[in-house]
Amino acid sequence: MTKVLTLQSHPLDRSRVVAVYTGRRGCMCGCNGEYHYTGASRAEASKRRGYEVRDEEVDEIEVARVIDEVLAADTSVEVIEGLGEMIYYVDHLWGRCAAVYVKLPPPQGVAS
Ligand SMILES: [Zn+2]
């Protein structure tokens, strides 16, 4: 059973955003669109994807813009719980999609 999560039940925590994606609907490997990262998430994002985030992929303004785009979609946002992260995904009617990847806080009771 997949739990249905919403933006209302799981608010997006901007301070924990690791990456954003925008592109045409479909494959999200990067052939259809682009990922952008924040300076703060760069080291972690490089580890997560297995190769270095390049300078031109770090873009705070684009990250903020995509977060706003996703938040504006409100009730049509799909919230997906992944491995250690929440994904906020919007499928726009005009054939494009946007996603925000948010790192989950460490489990309660675990010292970090
Ligand atoms: Zn692809």
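Visitor: How many strands form the open sheet, and in what order?
Guide: First, the terms. Helices (H or I, at least four residues) and strands (E, at least two) are DSSP runs, numbered from the N terminus. Two strands pair if DSSP finds at least two bridges between them. Here, 5 strands form an open sheet, ordered 2-1-5-4-3, with antiparallel pairing. At the edges lie strand 2 (33-37) and strand 3 (78-81), each pairing on one side only.

Visitor: By what angle are neighbouring strands of this sheet turned against each other?
Guide: Axes are lines fitted to C-alpha atoms, for helices over the stretch in contact, and angles run from 0 to 180 degrees between N-to-C directions. In this sheet, neighbouring strands are turned by 15° on average, direction ignored.

Visitor: What kind of model is this, and which limits apply?
Guide: The model is predicted; local features need pLDDT of at least 70, side-chain atom pairs count only at pLDDT 80 or more, and totals for chains, interfaces and linings use all residues. Residues are numbered from 1 along each chain as its sequence is written.

Visitor: What pLDDT does the protein average?
Guide: pLDDT is the predictor's confidence in each residue, from 0 to 100. Where pLDDT is low, the predicted coordinates should not be read in detail. This protein averages 91, and 94% of the residues score at least 70. Confidence is lowest in helix 1 (residues 42-49), with a mean of 89. Helix 2 has the highest, at 97.

Visitor: In what order do the elements run from the N terminus?
Guide: The order is β-β-α-α-β-β-β. That makes 2 helices and 5 strands. The radius of gyration is taken over C-alpha atoms, and the globule rule is 2.2 Å times the number of residues to the power 0.38. The protein has a radius of gyration of 14 Å, close to the 13 Å from the rule for 112 residues, so it is as compact as a globular protein of that length. Its C-alpha atoms fill a box of roughly 45 × 35 × 25 Å along the principal axes.

Visitor: How many bridges join strand 4 to strand 5?
Guide: Strand 4 (residues 85-91) and strand 5 (residues 96-103) run antiparallel, joined by 7 bridges. Tyr 89 stands opposite Ala 99. Asp 91 stands opposite Cys 97. The two strands form a hairpin with 4 residues between them, and Gly 95 in the turn has a positive phi of about 95°.

Visitor: Over how many bridges do strand 3 and strand 4 pair?
Guide: They pair over 4 bridges, in the antiparallel sense. Glu 81 has Met 86 as its bridge partner. Glu 78 has Tyr 89. This hairpin has 3 residues between its strands, and Gly 84 in the turn has a positive phi of about 70°.

Visitor: Which residues touch the most other members of the largest nonpolar core?
Guide: In soluble globular proteins, nonpolar side chains tend to be buried together. A residue is buried if 20 or more other C-beta atoms lie within 10 Å of its own, exposed if 12 or fewer, and partly exposed in between, with C-beta atoms placed from the backbone. A nonpolar core is a set of buried Ala, Val, Leu, Ile, Met, Phe, Trp, Tyr and Cys residues joined through C-beta atoms within 7 Å. The largest core here has 20 residues, and Val 17, Ala 19, Val 20, Val 70, Tyr 88, Val 100 and Tyr 101 touch the most other members. Strand 1 (17-24), strand 2, helix 2, strand 4 and strand 5 each supply at least two core residues. Strand 5 gives the most, with 5 residues.

Visitor: Is Val 90 buried or exposed?
Guide: Val 90 lies in strand 4. It counts as buried because it has 21 C-beta neighbours inside 10 Å. Two residues are in contact if their C-beta atoms, placed from the backbone, lie within 7 Å. Leaving aside neighbours within four places in sequence, Val 90 contacts Val 70, Ala 73, Ser 76, Val 77, Cys 97 and Ala 98.

Visitor: Where does Ile 67 lie?
Guide: Ile 67 lies in helix 2 (residues 60-72). With 18 C-beta neighbours inside 10 Å, Ile 67 counts as partly exposed. Beyond four places in sequence, Ile 67 touches Leu 12, Arg 14, Val 17, Val 20 and Val 100.

Visitor: Why does Asp 74 count as exposed?
Guide: Asp 74 has 11 C-beta neighbours inside 10 Å, so it counts as exposed. Asp 74 sits in the loop between helix 2 and strand 3. Its phi is positive, about 45°, although Asp 74 is not a glycine.
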